[in-house]
Amino acid sequence: MATTTTRSEPKPLIVLAQAAGAVSGENPYTKLLYAGMADQNVVVHPYSRRSLIALRPDIIHVHWPEFLVRWNAGTAKAAADAAKELALLWLARRRGAKLIWTAHDLGAHDKPDVGRLYARFTAVFNAMVDRVISLSPAALESVRAHYPAIARRPADIVPHGHYQGYYPAAPTSHPGLAAARDAVAGKPTCLIFGQIRRYKNVTGLMQDFAETRAETGNDAQLVIAGEIRGTEDFRQEVLTKAAETPGVHLIPDRIADADVWALHDMADVIVLPYAQGSALHSGAAILALSLGKPIVVRDTPTMRDLQAIVGADWVALFNGTPRDALATAAALLAAPRAIAPDLTALDPALTARQTVACYCAAHQA
């Protein structure tokens with residue numbers, strides 16, 4: 001009697017994933033990415049120093065290495081913290097783990113004030129990276145040029161996943177959002193959403209918005225929503241500028257998930273006039289597209305990659321100042337477009353499979 005044998009399922013890969021979850025008000029990009037791996041042959045655990053030792057992972061997946069160290073503890077403590085983190089990563093790799101870095105940016109947007117320590121930490125971390133994930137081809141070129149230590153590392157392109165279906169379509173319960181909604185009703189409205197940080201050029205946008213509004217005599221509105229991050233001087237600068245600028249509605253709070261849809265629903269276009277610097281991508285841009293809103297972003301190689309995926313009728317590029325961004329927004333709104341953008345290529349289930357394929361390639365190398 002013939003017997004048949006069945007091929008056993010390969011042992012699941014143990015993955016330690018930075019930012020594996022998200023609470024309300026946080027960017028759920030990584031949460032959606034790892035949730036899409038539920039039907040893949042991997043077991044995802046949140047990244048921690050304890051798990052580096054206890055779980056003997058196959059894959060360590062880091063997105064933002066600067067967040068692995070408590071830089072605000074003072075230089076001496078930060079140095080000890082960085083050394084401990086790097087030592088544990090080195091040990092995990094000695095035990096067989098492969099370190100994968102998704103290179104979202106060219107470094108921290110707000111560099112820690114710890115002298116050369118951050119640069120040394122980055123150099124040692126990069127030397128341990130086994131494989132790189134980039135969100136676009138142009139971004140990979142920038143990362144390789146900026147960090148020669150990883151220029152020859154194997155790399156994969158995995159786009160930033162969309163957020164469609166994540167945020168409920170519901171009226172807002174936030175009093176600041178409700179007031180802004182009533183004020184902008186029926187008027188042309190721009191929105192900038194996300195953490196308010198200096199590199200995002202929010203004060204410059206307010207200044208140019210005020211001048212453009214005064215010159216045209218229209219009733220355009222600008223909504224700015226997000227937690228202000230940075231120094232107290234920067235916080236006061238933003239608050240003062242918003243208070244003295246007609247047509248500006250500032251909600252300086254972390255926006256709960258339940259209010260994200262309503263916030264975007266009051267806007268006609270999302271304008272993101274970020275200064276040129278370390279930022280390669282924008283989760284706020286992907287979120288706006290996910291909620292059916294056209295975006296205006298700076299003309300960079302990575303934003304051209306996004307435009308190539310989604311289309312120029314949804315992703316408009318500008319050069320120059322926030323005034324140029326506002327002019328581009330007006331032209332974008334005057335042009336016809338489809339009912340909704342095609343974000344098929346950014347499906348989190350697809351990006352999850354692409355990421356797992358990267359894990360497998362690294363594990364087998």
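The model is predicted, with local features requiring pLDDT of at least 70 and side-chain atom pairs counting only at pLDDT 80 or more, while totals for chains, interfaces and linings use all residues. Residues are numbered from 1 along each chain as its sequence is written, and side-chain values use heavy atoms, with hydrogens and water left out.

**Exercise 1.** Describe how helix α7 packs with helix α8.

Step 1. Locate the elements: α7 covers residues 202-216 and α8 covers residues 232-243. Helices are DSSP runs of H or I with at least four residues, strands are runs of E with at least two, and both are numbered from the N terminus.

Step 2. Take the geometry: the angle is about 15 degrees and the axes are 10 Å apart. That makes α7 roughly parallel to α8 (angles under 35 degrees count as roughly parallel). Axes are lines fitted to C-alpha atoms, for helices over the stretch in contact, and angles run from 0 to 180 degrees between N-to-C directions.

Step 3. List the contacts (heavy atoms within 4.5 Å): T203, M206 and Q207 of α7 meet E237, V238, K241 and A242 of α8. By class, the residues of this contact are three nonpolar, two polar and two charged. Here Ala, Val, Leu, Ile, Met, Phe, Trp, Tyr, Cys and Pro count as nonpolar, Asp, Glu, Lys and Arg as charged, and the others, Gly among them, as polar.

**Exercise 2.** Give the strand order of the open six-stranded sheet and identify its edges.

Step 1. The order is β9-β8-β7-β10-β11-β12, with parallel pairing (two strands pair if DSSP finds at least two bridges between them).

Step 2. β9 (248-251) and β12 (315-318) each have a single partner strand, so one side of each has no neighbour in the sheet.

Step 3. For the pair at one end, β11 (residues 295-298) and β12 are joined in the parallel sense over four bridges; V296 has A316 in β12 as its bridge partner.

Step 4. Helix α11 (residues 301-310) packs on the sheet and touches β11 and β12, its direction making about 150 degrees with that of β12.

**Exercise 3.** Are T189 and H281 buried or exposed?

Step 1. T189 lies in strand β7. At 0% relative accessibility, T189 is buried (under 20% relative accessible area, 1.4 Å probe, protein chains only). Its contacts beyond four places in sequence include V184, Q221 and M266.

Step 2. H281 lies in the loop between β10 (269-272) and α10 (283-290). At 16% relative accessibility, H281 also counts as buried. Among the residues that H281 touches beyond four places in sequence are H104, D105 and T302.

Definitions and conventions:
Angles under 35 degrees count as roughly parallel, over 145 as roughly antiparallel, 65 to 115 as roughly perpendicular and the rest as oblique. Buried means under 20% relative accessible area, exposed over 50%, partly exposed in between (1.4 Å probe, protein chains only).
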